[in-house]
Amino acid sequence: MSNNIPMAEHASTSAAAVIEHGAQPVSDTITLIFTGILVFMVVCLALEEKIHAQKSLIVGVIAAVALLLGGFMGILPFGDVIIPGGHHIPMPVYIPAVDWGVIAIIVGSSLFVDITSRSGLFTWVAVKLTKASSGDPVKLLWYYGVMTVVFSAVLNNVTAMIIVGSLTGVSLKKLNRMDKLLGFLLVEGLLTNIGGLLTLISSVPNIIVGNTAGISFVSFFIMAAPYVLVATVITIFMGAKLFGIKKLASEDQRSEAKILVDSFDENDGIKSRGFFFFSSAILLAFIGVIATTSILPVVSDLGMGFVALTFAAIMLVRYKSEVDQFYKAIDWDLIIFFMALFVVIAVMEHAGVLNLIGAGITYLIGTEETQMGTATLLVVSAFFSSVTDNIPLAAMLSKILATNATAGDSSLWWSVIFGANLGGNLTPIGSASTLVAVTIMHKYKLKMSFAGFVKVAFPFAFVHILLAVGYVLLVT
Amino acid sequence: MLDVDEFESAFRSAIKERYQHSDLSFASVLFICDLPETEASPLLGDVKGFCGNIKQAESAQWQLLSAGDYQTADDLLTLIQQKPSDLIVTYRNLHSDSWRHPFSLGEHIDVLLQQTDTPVLLIPHPQAGYARSEALKHCASVMVVTDHLVNDHRLVQHGLAFLNDTGHAYLSHIEDQYHFDRFMAAIGRIPGIETEGARSKLHQQLLKEPTEYIQSVKAALEQISCPKGITPIVEFGHQLKDHLVHIEEKQVDLLVMNTKDGEQLAMHGLAYPLAIEARQIPLLML
């Protein structure tokens, strides 16, 4: 392993690649002031629920303050932006700071998934699997577990948790197995972060780090799939054991459970057969095109964001007279959070904060890429992503690795990817999907405190991280 | 953005209660009257004829409680406990003169209906003269009434048990228009809820479940090649008035309904007024 290979030409559309805004040396005082601002933002994000403020507002305010301070201190490179072709165009400094490619992927994917769900496709799959289990709790755990991983991989981990978690609540209630709901939801919550590792578009940290490192969809999948498979099997086995989820003992119990799950009608959510089949075909096409974006002529230049937005537009044609309803349903808190976050990171770069953190990371992992360094970065990433949002962490670390000219095939990228995703399994605030799992638990009046979650999730998270360290060291 | 509630609703909606058919048999029937035994015989003959469609009707064991066997409601309940049966047949205003005033079922019947778990076939009072001329002559048309038809397998099974092979069962579910309008008026004053959308979705959902349940009854009968016809009456309206209209229009021979309400001592909401008003035909009260 070496870090002497030139950094892969990354697919990121970040305007940082084409503008002449370079980070100039700044005084230590300025760096420390902005480090304080960054720490303040991270603490506020960790305490998001305590301070009753949504993350878009927290990061938005910090971005505004950082821009103002940066402007006053003269560290921001105001001026024209050079676009391909050499043209200079006037543009405020915060516009090219945003990675619009990532924003396009998130907006396009969430619109696409939202519209596709109207076809009844996801509920059809979910109900079919429920019926296939015949109501046996162990089979149900396996089916729901695998479904969580696949949905997390194909859609995203929050959507997967919403679909599988809500079905779990309804089906276990129907089967009179509410005593097992906590175990099911916890296992599913943990599996969202495992499934979130499977593809480049499964989670936002994957998108950010993968784009920055220039990892293609197929390379990402080939690297992540074996780990996801093993971690899924181990998690479900552990979940069944720890939460006492057992097979139905008698024939009477089995026939009663079968009658109960047979009352589910998988076709109930399908309003139009045509749209159902159309959505299924388009979903497969979406996965196919996303998987081959890096090798498709022209599409590879337009990027995955274009693919996601185009497929969303194709699906919107079905609802052409009410597209505004879907626009309203976009999670603007998330989108504005990302945009503001990119701005904050850009200012931090100019203030020398990223260099400072990079130096800290270099101190931890060494200047040469070593096994100890790779393992340390993964564990540290997991720890930090467990106590704060994994998206800023992934964005910051990928920026630092890119700034340090880390090779595209370096194991350090994978340390960040695995660490940022798996850290979410340590605490309920570590990832949005585990937070959804806890929200569903609370909805069903199941007690699950922060400490309670850590207590039950730690054995799983420990195994996941240990397995990831071994896997990354073995494979990269 | 998708949310948990949206998917929970979709999955709850996917749960369809399906009718489970079972042929009921009534091995022992208790006939209660306040007539002397000799005068009761013709009426008992009519009742036996009316019950002729039930499974193994010929071999059913009939017991009689007549005038002099009991005086009070307590006596009656004690005797019923001593003579356990699968069906009780009696008439309204039993052991009472209040049949002259069509405002109640009489205290004996009120107590009986609430105290026993045995189905009660309540026929018109033999002396009152308000019975339809065809009452008790045959059972070719049954109406099963409930305000929540979903999962009322027992109710439907009882209705079908009395129906002759070529007969027709009307499974009715009338949503109360007044209450619906009242809730919609409240929703109309809440700015966060789009009123017309809510009205349309709620209207559709309230009728969807009973409609699907009745379809499952049809499917279950087709599966066992049962020739009895099933017609749904699923609509919004006035629960009492509209049921009475349907009873007249469809020339219903037997009205089947629930009487128990686990949360109150009195008879189940719609059952009592309907039982009072529909006095011209037999009622099967569970």
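Asn176(A) lies in the loop between α7 and α8 (181–195) of chain A, where helices (H or I, at least four residues) and strands (E, at least two) are DSSP runs numbered from the N terminus. The phi of Asn176(A) is near 55 degrees, a positive value in a residue other than glycine. With 11 C-beta neighbours inside 10 Å, Asn176(A) counts as exposed, a class that requires 12 or fewer other C-beta atoms within 10 Å of a residue's own, whereas 20 or more make a residue buried and values in between make it partly exposed, with C-beta atoms placed from the backbone. This is a predicted model, in which local features need pLDDT of at least 70 and side-chain atom pairs count only at pLDDT 80 or more, while totals for chains, interfaces and linings use all residues. Residues are numbered from 1 along each chain as its sequence is written, and chains are lettered from A and ligands numbered from 1 in the order in which they are written.

**Other positions in loops and helices**

- Ser225(B), in the loop between α7 and β7 (229–237) of chain B, also has a positive phi near 55 degrees, and Ser225(B) is exposed, with 6 other C-beta atoms within 10 Å.
- Pro210(B) belongs to helix α7 (residues 195–223) of chain B and is buried, because 25 other C-beta atoms lie within 10 Å.
- Pro210(B) and Glu196(B) are 14 residues apart in sequence and 23 Å apart in space, C-alpha to C-alpha.

**The contact between chains A and B**

- Chain A contributes 24 residues and chain B 15 residues to the contact, two residues being in contact if their C-beta atoms, placed from the backbone, lie within 7 Å.
- On the side of chain A that touches chain B, the elements giving two or more residues are α4 (100–117), α5 (121–132) and α7 (157–174) of chain A, and α7(A) gives the most, with nine residues.
- That side of chain A divides into nine nonpolar, nine polar and six charged residues, where Ala, Val, Leu, Ile, Met, Phe, Trp, Tyr, Cys and Pro count as nonpolar, Asp, Glu, Lys and Arg as charged, and the others, Gly among them, as polar.

**Helix α5 of chain A**

- The buried residues of α5(A) are Leu121(A), Phe122(A), Thr123(A), Ala126(A), Val127(A), Leu129(A) and Thr130(A).
- What covers these buried residues includes α4, α6 (137–154), α7, α11 (251–262) and α12 (273–292) of chain A, together with α1 (4–14) of chain B.
- After α5(A) comes Ser134(A), whose phi is positive, near 55 degrees.

**Helix packing in chain A**

- α4(A) and helix α15 (residues 332–350) of chain A pack at an angle of about 170 degrees with their axes 10 Å apart, the axes being lines fitted to C-alpha atoms, for helices over the stretch in contact, and the angles running from 0 to 180 degrees between N-to-C directions.
- α4(A) and α15(A) are therefore roughly antiparallel to each other, since angles over 145 degrees count as roughly antiparallel, under 35 as roughly parallel, 65 to 115 as roughly perpendicular and the rest as oblique.
- Val102(A), Ile103(A), Ile106(A) and Val107(A) of α4(A) make this contact with Leu334(A), Ile335(A), Phe338(A) and Met339(A) of α15(A), and by class the contact has eight nonpolar, no polar and no charged residues.
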